[in-house]
Amino acid sequence: CSRLVRGLGQKDPDVRWSCREALIAYAELWHKDQATPLQGSDVNALATLLLCIDDELPAFAVEAVARLGPQAADAAPHLVTLAQSSGDPKLVARALVALKNTGVRTDLALNVLVKLLDHPDVGVKDSAALALFQLGPERFDDSRLANLMGWLNAAIRTEAEKLLRQRLAVITAADLSALRQGLKHPVREVRLVYIDAIGSLQAGGRDAAADLFPFLISTDKAISEQAIRALDKMGLLVDLARDQADPAVLAATLGALRGKGLKSTEALTIYEKNLNHANDGVKNAAALALVELAPEKVSKDRLIEFMSRPDPLNLAATLALHKAEPKNAVLKTKGVPILVRNLAPDINDIKGFVAQPLRSKPAATLLDIGGASAVVPVVQHLLSNNNPIKLTQNHKTEPTAARLMGYELLREFAKRATAKQDRELIAALKKQDISVSGFWVAQETKLANQPNQTPEMRQLRTATLEAADKASAALKALR
């Protein structure tokens, strides 16, 4: 390689042309690993090729230097010159990768990388950023790192966040002004980092607590939860719940205390005080906290009232009333529809779900309450709403699992109806006999026999078909 490069400098144009053609042929063989490998002794020749006026040889030299890595450190100044002078963005991007591989950290190299972070070509910008992370991360200021967290390249976003978090790990309360500015950044992930940084100051971050209130009430769950954690680290959640006037902030704070499971005397007093708050969000948050954490403090009449409130309070109240008075008549009238609406399969663990499809609290409570009034809502919610003929999406995991729950509930209802000789329940179930045996079993058979299923889906569909068969048999056996 070195001799051929020297030949490019000969006066005779034929010699120069022959050397060029030989170098191109060598490069083709080198790409295929069919040529003598390049060594450190070839670096000077490669450096010459980097800056030669040719359409192909600089690109070969860039790849060769990139592969040699630190052995080609002497070529770094030529790579810098190429990156500054070339008008080919792809070649510049590859030159920056080669520069990174050499490991050279001169001011000249780092200055070029910083400058090229603002290049109009994405490939050049990305290569410059990745090289600078390795060679000179100290050249990034916090503002630049925050902006990099909004770039499309996932590796750059990850490195930028990692480095910014390292920087912010050593901040003090004296840095609150800069941290507040970070909360205003347009990139969501940056705001999350700065919320976390303020929380890490614990009591020292309290002066910025009010700046976190908009995040506390955010519809973005991750941002809201991060703000809650930050305020909790400051030790302010109880104070906010006691003294906060803004209803939205107060409701979010009450929800945070409930999520922590806080039921100290002061916390319970705060929940009770807000049961009659003028704002619906606040009083529902307070009620939910009290029902979940201290149901013994809520009267049965109050629980029945809460059953008319929005989710998830109405479900919590239903479950609490069932625990306190399982035979309360309201459970069959108001409770059954609430429980049915909250029947949802847990598909995070298909194996566990198939083994125990009715393990959720709403399902277990619905079975205990039973009654004819539950049959039609169960069929509508779990079977009709997940009809595989109506929508292809109902062939998927969650709708199939929902139907499995439906069949299991019908079978369990049938068992209980027979055991108690509940004529009303038997009559309601027998009305479903024809549809289950004539329609639903046929549909589950088709789905279970479909080809090319994943093992998990095959397991679920097989279990669903078995459940449909058993439900059909149980309904037919009713007398």
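His-78 counts as partly exposed, at 27% relative accessibility. Here buried means under 20% relative accessible area, exposed means over 50%, and partly exposed lies in between (1.4 Å probe, protein chains only). The model is predicted: local features need pLDDT of at least 70, side-chain atom pairs count only at pLDDT 80 or more, and totals for chains, interfaces and linings use all residues. Residues are numbered from 1 along each chain as its sequence is written, and side-chain values use heavy atoms, with hydrogens and water left out.

His-78 sits in helix α5 (residues 76-85). Helices (H or I, at least four residues) and strands (E, at least two) are DSSP runs, numbered from the N terminus. Ala-95 lies 17 residues from His-78 along the chain, and the C-alpha atoms of the two are separated by 9.5 Å.

Salt bridges were searched for across the whole structure, and 27 were found. A salt bridge is a side-chain nitrogen of Lys or Arg within 4 Å of a carboxyl oxygen of Asp or Glu. One of them joins Asp-220 and Arg-188, at 2.5 Å from N to O. This pair links distant parts of the chain, 32 residues apart. Asp-220 is in the loop between α13 (209-216) and α14 (221-233), whereas Arg-188 is in helix α12 (residues 188-200). Asp-220 is partly exposed because its relative accessibility is 22%. Arg-188, at 29%, is also partly exposed.

A second bridge joins Asp-239 to Arg-242, with the closest N and O atoms 2.8 Å apart. The two residues are three apart in helix α15 (residues 237-243), so about one helical turn separates them. Asp-239 has a relative accessible area of 28% and is partly exposed. Arg-242 is partly exposed too, at 35%.

Glu-305 and Arg-309 form a further bridge, at 2.8 Å from N to O. Glu-305 is partly exposed, with a relative accessible area of 35%. Arg-309 counts as buried because its relative accessibility is 13%. Salt bridges also form a network, which links Arg-20, Glu-21, Asp-54 and Glu-56.

Lys-327, Lys-332, Arg-416 and Lys-420 form a patch of positive charge on the surface. Patches are made of residues with over 30% relative accessible area and no salt bridge; like charges are joined within 9 Å, and nonpolar side chains (Val, Leu, Ile, Met, Phe, Trp, Tyr) within 5 Å. Arg-416 belongs to helix α25 (residues 397-420). Its relative accessible area is 32%, so Arg-416 is partly exposed.

Aromatic rings were examined next. A pair of rings is described by the distance of the centres and the angle of the planes. Rings of Phe, Tyr and Trp (its six-membered ring) pair if their centres lie within 6.5 Å; planes under 30 degrees apart count as stacked, over 60 as edge-to-face and the rest as tilted. The count comes to three aromatic pairs. Among them, Phe-133 and Phe-140 form a tilted pair, 4.6 Å centre to centre with 35 degrees between the planes. Phe-133 is buried, at 12% relative accessibility. Phe-140 is buried as well, at 1%. Phe-439 and Trp-440 form an edge-to-face pair, with 4.9 Å between centres and 80 degrees between the planes. Phe-439 is partly exposed because its relative accessible area is 26%. Trp-440, at 5% relative accessibility, counts as buried.

Note on methods: Accessible areas come from the Shrake-Rupley method with a 1.4 Å probe; for residues, only the protein chains shown count as cover. Lys and Arg count as positive and Asp and Glu as negative; His and the chain ends are not counted. The place of a charge is taken as NZ of Lys, CZ of Arg, CG of Asp or CD of Glu.
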